[in-house]
Number of protein chains: 2
Amino acid sequence: MSYQIELRHFTYFLAVAEELHFRKAADRLFISQPGLSRQIKQMEEIIGVTLFIRNKRKVSLTVAGQYLKKELDYIFNHIDFTMKQTRLIDKGSDGEIRIGFLGSAMQTVIPELLIQANATYPDIQFSLEEMSNHLQVDAIEKDQLDLGFVRLARVPKGIEMKTVHTDTFSLALPINHKLNEKTFTSIKQVSDEHFILFSSDYSSLYYDKIMSICEDKGFTPKVSHKSVHAQTIFKLVESELGVAIVPTSLQRGFNFKVKFLEIPKISQRAELSIVWKKDNRNPVLKRIKNLL
Amino acid sequence: MSYQIELRHFTYFLAVAEELHFRKAADRLFISQPGLSRQIKQMEEIIGVTLFIRNKRKVSLTVAGQYLKKELDYIFNHIDFTMKQTRLIDKGSDGEIRIGFLGSAMQTVIPELLIQANATYPDIQFSLEEMSNHLQVDAIEKDQLDLGFVRLARVPKGIEMKTVHTDTFSLALPINHKLNEKTFTSIKQVSDEHFILFSSDYSSLYYDKIMSICEDKGFTPKVSHKSVHAQTIFKLVESELGVAIVPTSLQRGFNFKVKFLEIPKISQRAELSIVWKKDNRNPVLKRIKNLL
DNA sequence: CTATTTGATAACTCATAGTTATTAATAATT
DNA sequence: AATTATTAATAACTATGAGTTATCAAATAG
């Protein structure tokens, strides 16, 4: 009679799949290497598929093993979250929603959402984490996150997206810069200045949009600094190291000595979108999406 | 020391949640009732939540238990599906294959392959990318590609090659050129014309073959243009900037004002080969190779 | 006030996860 | 070519804990 597969097998499989080394994986699991080898072998027999290639002196995953690893990552995250939700429901809460967001969403949509959600569903718990676009999408695919606030042009299959906030762009200048609301008519007026931008690896869409604003007006900005955080960018502007183009709403919440001038006559908009997994099973997610 | 939760617990939990009766559930699971009771109790201790109310003489689910039941139903379905899918991927009847090809393969072998493959293995996903010989071999070595369609004389160690299509060469002439099917007897008749060839760095084998066709007939062609794309070559011929020697099958799919005359009495053939890494582990590859 | 149903407890046993010791095979070093 | 170092598999043993049987306690039904 054949054995039954257990979570233990999955745990061991993931350890080996990550380490690609039986002894190291065994150490990590605090069990002996032969014990681990046997459990993996047993798992392969139960499923009926070779998951690892033990070639020469190195271990690697088969194509089927690669698929299984990705799915088991998801399954474990989902089980963990289910256990957590079960405990919360037991304690009388309506459950938890895990939200990721770009720092720039913290000035506009997120605070409003939290206030409204808290009033409507006082027993929902919120877990908030600032993350990059890319990390949010990854975490959503693995079921480590229910909802993300991103600035992206497209998302992978299985992920849904909806724009929730559209913002104009503003020019951020040192407080004593010669331009002001009256005299500022085109972004071209600062074409000779140094520009401070968000890194393209943080949000390539963002980067491209800002570049296109300048290119539409016939110049290529001299980019002197790149940063991930709005705070850093404002500090650099304040220190007169350059000017920056940022979503208008970002000026809220910061009190640097920085002047914001909305850029006139441009078509580009900073779009903030929510993303979630199509087959997300958290019942709280539906309720929160309805608030947006 | 606390125990670890296992799929066994989940299976038992679901049986009790469905029967709402420990003895009946135990019977269904072919285990004894006390054993089941103990496992359920252990599960409740691990999660830290009471899942069943054993009130008076009947068993019922708590609210948290109801939530958990729904999620565990889903989790088991997802695990089952994942196991099945893993087996399918292992057998190669599902999954993905990444194919690279020269533009000139798009007229003959690739479309036939796709039609046939789609009929035989409808669940296989194809990723197709047009690439040069050199890039294909590189990508295969890096395991970024499973299969390539190239025109090469030899490949590096570890890469395998097999000819899948052999083609004669034709002369491509402007539509109103004096030669025609009747009067064309030897390539020597155009030895004074300018020749348009594929660049040797795109496919050196190709270049060398075409040169040898001419040299066998006792002349060296005057090469006036070189290009990477068939489309460009035909455009240049149409514009009467020269003549070209191309694989006969290339005439399909283009509607330039160009006349094709098969070159008689030559031994050279345009060979299209598939290349793959010897120790490629994608089971889909085997299936696709068998179709060729 | 029995008879019956049902889950929990207690004590036992046995299957198997995990152990230690060793081997086989390959790669790196001399 | 010989030696040493790595690394996973094999073999034989151990002990944990899942599952067993026997029994009890509580609750209802007749």
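Domain bounds, as I use them here, come from an automatic or database domain assignment. For chain A that assignment gives domain 1 (7-71), domain 2 (93-165 + 272-291) and domain 3 (169-268). I took the centres over C-alpha atoms and found 51 Å between domain 1 of chain A and domain 3 of chain A.

I note that this is a predicted model, in which local features need pLDDT of at least 70 and side-chain atom pairs count only at pLDDT 80 or more, while totals for chains, interfaces and linings use all residues. Residues are numbered from 1 along each chain as its sequence is written, and chains are lettered from A and ligands numbered from 1 in the order in which they are written.

**Chain B against chain A**

I counted contacts (C-beta atoms, placed from the backbone, within 7 Å) and found 27 residues of chain B touching 25 residues of chain A. With helices (H or I, at least four residues) and strands (E, at least two) taken as DSSP runs numbered from the N terminus, helix H1 (7-19) and helix H4 (63-91) of chain B each supply at least two residues of the side that touches chain A. The largest share of that side, 16 residues, comes from H4(B).

**Around DNA strand C**

I then listed the residues near DNA strand C (C-beta atom, placed from the backbone, within 6 Å of it); of these 20, A:Ser32, A:Gly35, A:Lys56, B:Pro34 and B:Ser37 come nearest. Two or more residues each are given to this surface by helix H3 (33-47) of chain A and by helix H2 (22-29) and helix H3 (33-47) of chain B.

**The hairpin in chain A**

A:Lys56 also turned up in the hairpin of S1(A) and S2(A), where 2 residues lie between the strands and A:Lys56 takes a positive phi near 50°. Strands pair if DSSP finds at least two bridges between them; here 4 bridges join S1 (residues 52-55) to S2 (residues 58-61) of chain A, and the two run antiparallel. A:Phe52 has A:Leu61 as its bridge partner in S2(A).

**The open sheet in chain A**

I traced an open sheet of 5 strands in chain A, ordered S9-S8-S10-S7-S11, with mixed pairing. Strand S9 (222-227) and strand S11 (258-262) of chain A stand at the edges with a single partner strand each, so one side of each is left without a neighbour in the sheet. Within the sheet, S8 (residues 194-198) and S10 (residues 243-247) of chain A run parallel and are joined by 2 bridges, and A:Ile196 stands opposite A:Ala244 in S10(A).

Terms used
Contact = placed C-beta atoms within 7 Å.
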